Amino acid sequence: MHAILCATPEEMDALRGVLHADLQPEVHGPTRVWRARYGDEPVVLAQAGIGKVNAAAAATLLLAGFGARSLIFSGVAGGLNPALGVGSVLLADRLAVHDYGIVTAGAFTPTAYGVIPVGAPVLSAPEPVDAAVRVVLARLAGAMAGRLDARLGGVVTADYFLNCPATRDELHARLGADAIDMESGAVAVVARAWNTPLYVIRTLSDLAGEDSHLTYDEMVEAAAANSAACVEALLGLLAEG
C-alpha cells in the first residue's frame, strides 16, 4: 500500500481532489487518515499537521499501523534557488533537516540529524535519496514536462516558516538547497529507519523572502494542486513498476 502524507488542509483537499477518498477520516491522535484508491489499488492519505514532530508521528503511524510499503509527501515549500519561481515543483533527490546541531560560543552549527552533535561533521549538503527513488523521480519529471515545471532538487527542513531573504540566500549558498519546508527531512529520517522508499514532491508557494507570508496565502491552493497532480502521475509510474 502506498501512503501519501501532507501537512495542511489545503494540501489534503488537493490530494482528495485527484484520488477517490472516503468522506470522513479516521483520527489517530494528531493525524487524520483517509482511505482512498488509485485504480484498483488501496492507498491511504494522511494529514499530519505542520512541523517535524507531526510529520514523523504520521509517517510512523502509516508504516506501523497501516503497513505502508512506500511514503509520498506532497505539499508546498518556500523557494531558496533564485532560478525557480512560484509554482515550480521540486522532486527531492536530496533531503536534510538543517536546524539540528550544536550551539557553542553563541553560534549554531548544523550537523547530520540523529548523531551526537559534539565533534560531528558540519552539515554541508542535503543527503542524496536512494538511487532507485531518484530514478523514479527523474521519470516523473519527464512525464510532467509540458504540464508543469517539475525538476529534481534539494529540500531542507526546519521548524520555522522562512520569511527572510538573507537567510534564504545563505541556505542556498551554503547547502546548495533549492527549497525549504517544515516536514520532509523528518519523514526521511523515519523512512530510512524503516528501509522504506520516500518520494517528496514540493511546489513552491513562495520565495522565502519578506513577503512570503503574503504569497503563501495567495498561492497555497494552486501550489498544492501542482503537487497533487504529480502524486497522481507518480502513482501511475509506481503501478507500472
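Colleague: How much accessible surface does the protein have, and what part of it belongs to carbon and sulfur atoms?
Modeller: In this predicted model, the accessible surface is about 10,300 Å², and carbon and sulfur atoms make up 56% of that.

Colleague: And how many of the residues count as buried?
Modeller: 51% of the 241 residues do.

Colleague: What about charges, how many positive and negative side chains?
Modeller: There are 15 positive and 26 negative ones, with the centres of the two sets 6 Å apart.

Colleague: OK, fold next. How many helices and strands?
Modeller: Six helices and 13 strands. The radius of gyration is 17 Å, close to the 18 Å from the globule rule for 241 residues, so the protein is as compact as a globular protein of that length.

Colleague: What box do the C-alpha atoms fill?
Modeller: Along the principal axes, roughly 55 × 35 × 30 Å.

Colleague: Let's zoom in on α4. Which of its residues are buried?
Modeller: α4 covers residues 165–175, and R168, L171 and L175 are buried there. Looking down the helix axis, the buried residues fall within an arc of 75°, so they line one face of α4.

Colleague: What do those buried residues pack against?
Modeller: Three strands: β6 (70–79), β11 (150–157) and β12 (179–181).

Colleague: And which exposed residues sit on the face turned away from the buried side?
Modeller: A166 and A173.

Notes. Residues are numbered from 1 along each chain as its sequence is written. This is a predicted model: local features need pLDDT of at least 70, side-chain atom pairs count only at pLDDT 80 or more; totals for chains, interfaces and linings use all residues. Side-chain values use heavy atoms; hydrogens and water are left out. Helices (H or I, at least four residues) and strands (E, at least two) are DSSP runs, numbered from the N terminus. The radius of gyration is taken over C-alpha atoms; the globule rule is 2.2 Å times the number of residues to the power 0.38. Buried means under 20% relative accessible area, exposed over 50%, partly exposed in between (1.4 Å probe, protein chains only). Accessible areas come from the Shrake-Rupley method with a 1.4 Å probe; for residues, only the protein chains shown count as cover. Lys and Arg count as positive and Asp and Glu as negative; His and the chain ends are not counted. The place of a charge is taken as NZ of Lys, CZ of Arg, CG of Asp or CD of Glu. The arc is that of the directions from the helix axis to the C-beta atoms. Contact means heavy atoms within 4.5 Å.
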